[in-house]
Amino acid sequence: MNQHSTGVRAYRWLVFALAAGYTIYHLFTGDYGNFGGPFRYLTFWALLMSFVSASRMLAFSEHRTDHDWSAYAMVTAIANGLVVFLYWRLYFIDPALVNGGGEILWWNEYYLHLMGPVLQWIDFLFILGGAPKILRPLAGLGLLILAYSSWIELILQPLSIRPAGTVTSGLPYPFLNSMVLAERIGFYASTAVTGAVLLIVFWGLGAGLSRLRKRATAAV
């Protein structure tokens, strides 16, 4: 697909505007009474990554950059995939596992945990055409998970008192506070494996779609 076409630019403006709007909203309405504010949550990390990725995709469409952002876009797609997978898996078990039983704003929840990620996936797979290499995105994913798990364990947990669980307190998601450290490390490791599987799937889909486009172009 022509990444500089009017239709693609319009789509990328939409994706960028939504990501920017939700980022600003959460920065100004986040609960800063608990250390870290919105930065406590993986969902917000993924939103920030989406905002940066959307800005770079738009800049490329408008000839303001020629840098290859495919590796970053792929890590962003996987971060969003993890957010969607983890959120809805836990939500359908018990909504309190992820939101502590608090109020849910449907327009916020469905953007963060469904529509926003889908918009990023469409761009990555069908417009950008995936990422040609897998090692850099894999390393980026590993760094992201290590950074986030270290952030919540080494900084957030000691400096926060809520939410509280049966084992500890201060970790951003309620269910984590009812797990001992070994269980939490196992959870982070399983999340890393899930992310690696998603990355391989997205890389394969991107490669397959790229081959199909090349065949279609050659047949014309």
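**Note on the predicted model: helix packing, cores and selected residues**

1. Thr-168 is buried, with a relative accessible area of 16%; buried stands for under 20% relative accessible area, exposed for over 50%, and partly exposed for what lies in between (1.4 Å probe, protein chains only). Thr-168 lies in the loop between H6 and H7, where helices (H or I, at least four residues) are DSSP runs numbered from the N terminus. The side chains of Thr-168 and Gln-157 are joined by a polar contact of 2.6 Å. A polar contact is a pair of N or O atoms within 3.5 Å; within protein, one must be able to donate a hydrogen and the other to accept it, and residues adjacent in sequence count only if both atoms are side-chain atoms.

2. On the basis of this note: the model is predicted, local features need pLDDT of at least 70, side-chain atom pairs count only at pLDDT 80 or more, and totals for chains, interfaces and linings use all residues. Residues are numbered from 1 along each chain as its sequence is written, and side-chain values use heavy atoms, with hydrogens and water left out.

3. Leaving aside neighbours within four places in sequence, Thr-168 is in contact (heavy atoms within 4.5 Å) with Gln-157, Leu-176, Asn-177 and Arg-184. Leu-176, with residues up to four places away in sequence not counted, touches Ile-152, Thr-168, Leu-171, Arg-184, Phe-187 and Tyr-188.

4. Leu-176 also belongs to the largest nonpolar core, which has 40 residues; Phe-124, Ile-152, Leu-176 and Phe-202 have the most contacts inside it. A nonpolar core is a set of buried Ala, Val, Leu, Ile, Met, Phe, Trp, Tyr and Cys residues joined through side-chain atoms within 4.5 Å. Two or more residues of this core come from each of helix H2 (42-61), helix H3 (70-93), helix H5 (106-128), helix H6 (135-159) and helix H7 (181-219). H3 provides the largest share, 13 residues. Apart from this core lies another, of eight residues, including Val-8, Ala-54, Leu-119 and Ile-127.

5. Two packed helices are described by the angle between their axes and the distance between the axes. Helix H1 (residues 6-29) packs against H5 at an angle of about 150 degrees, and their axes are 11 Å apart. Axes are lines fitted to C-alpha atoms, for helices over the stretch in contact, and angles run from 0 to 180 degrees between N-to-C directions. The residues of the contact of H1 with H5 comprise 15 nonpolar, three polar and two charged. In this division Ala, Val, Leu, Ile, Met, Phe, Trp, Tyr, Cys and Pro count as nonpolar, Asp, Glu, Lys and Arg as charged, and the others, Gly among them, as polar.

6. Arg-12 is found in helix H1 and is buried, with a relative accessible area of 1%. Its side chain makes a polar contact of 2.8 Å with the side chain of Asp-123. With neighbours within four places in sequence left aside, the residues in contact with Arg-12 include Met-57, Phe-60, Asp-123 and Leu-128.

7. The axes of H2 and H3 come within 9 Å and cross at roughly 145 degrees. By class, the contact of H2 with H3 has 12 nonpolar, five polar and no charged residues.

8. Not counting residues up to four places away in sequence, Pro-132 touches Ser-70 and Trp-203.
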